[in-house]
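Please keep the sequence and the model in view while reading.

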Amino acid sequence: MIHIQPFTFNPFSENTYILYEETGECAIIDPGVYEPFEEKEIVDFIQSKKLIPKLLLNTHCHIDHVLGNSFVSGKFKLALAIPELELPVLKAVNSYKNEWGFFKYKECTPQIFIKEGDVFHLGKNNFKTIFTPGHSPGHVAFYLENQKICIGGDVLFRESIGRTDLPGGDYDTLISSIKNKLFPLGDDVKVFPGHGPETTIGYEKKFNPFVKE
Ligand SMILES: [Zn+2]
């Protein structure tokens, strides 16, 4: 069984997730750590649980989700894995980071490119990649099929959806990702989003004004 530990970091209130299981192997998804106290928070968690970091993954590469890539990759000697179509989005961060006040952001060079269907392993558990573009062109979600849990990034939020006004965003594509990729997972599937509280597919089908049925 995989445990999900959420953290909320940086001025965008971005959710970083650490997924870990019985052997101690863990994945760090969308590390939004920027300030030293944020870096300390995840290091302390990993050390206190005696976790063994194995994976560093991004759902997509907007600045709030990649601020801590370089720190986490260096600290735990992890290769960064990003969705293959997100490379231009990652590269673009350098062009706007100063304007947004993130002067000390350092780009981390990705070594692994994630494709739809890719499966990642933690101990005896695994989760797979679902391609969910629209908020950004290469966005992916990670699905723990056995546990009916989706790490959803900025696609579907509790009673809201990801913005589509950033470069590469597209509203119709986002709605299609939600309705054709996430909704079929099932009403009882829990979604842990990139911002805000967790939700379920069933709840969003009923109450989300953008996509309710
Ligand atoms: Zn985003």
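## Strand β10 and its surroundings

In the hairpin formed by β9 and β10, where four residues lie between the strands, Lys-148 adopts a positive phi near 55°. The model is a predicted one, in which local features need pLDDT of at least 70 and side-chain atom pairs count only at pLDDT 80 or more, while totals for chains, interfaces and linings use all residues. Residues are numbered from 1 along each chain as its sequence is written.

Helices (H or I, at least four residues) and strands (E, at least two) are DSSP runs, numbered from the N terminus, and two strands count as paired if DSSP finds at least two bridges between them. On these terms β10 pairs with β9 in the antiparallel sense and with β13 in the parallel sense, as set out below.

| Partner of β10 | Sense | Bridges | Example of facing residues |
|---|---|---|---|
| β9 (residues 140–144) | antiparallel | three | Tyr-143 and Cys-150 |
| β13 (residues 190–193) | parallel | four | Lys-190 and Ile-149 |

Strand β10 (residues 149–153) is mostly covered, since five of its five residues are buried, a residue being buried if 20 or more other C-beta atoms, placed from the backbone, lie within 10 Å of its own, exposed if 12 or fewer do, and partly exposed in between. The cover extends to both faces, with Ile-149, Ile-151 and Gly-153 on one side and Cys-150 and Gly-152 on the other.

Cys-150 is also among the residues with the most contacts inside the largest nonpolar core, which has 52 residues; such a core is a set of buried Ala, Val, Leu, Ile, Met, Phe, Trp, Tyr and Cys residues joined through C-beta atoms within 7 Å.

The chain as a whole has six helices and 14 strands. Its radius of gyration, taken over C-alpha atoms, is 16 Å, close to the 17 Å that the globule rule gives for 213 residues, so the chain is as compact as a globular protein of that length; the rule is 2.2 Å times the number of residues to the power 0.38. Buried residues make up 43% of the 213 residues.
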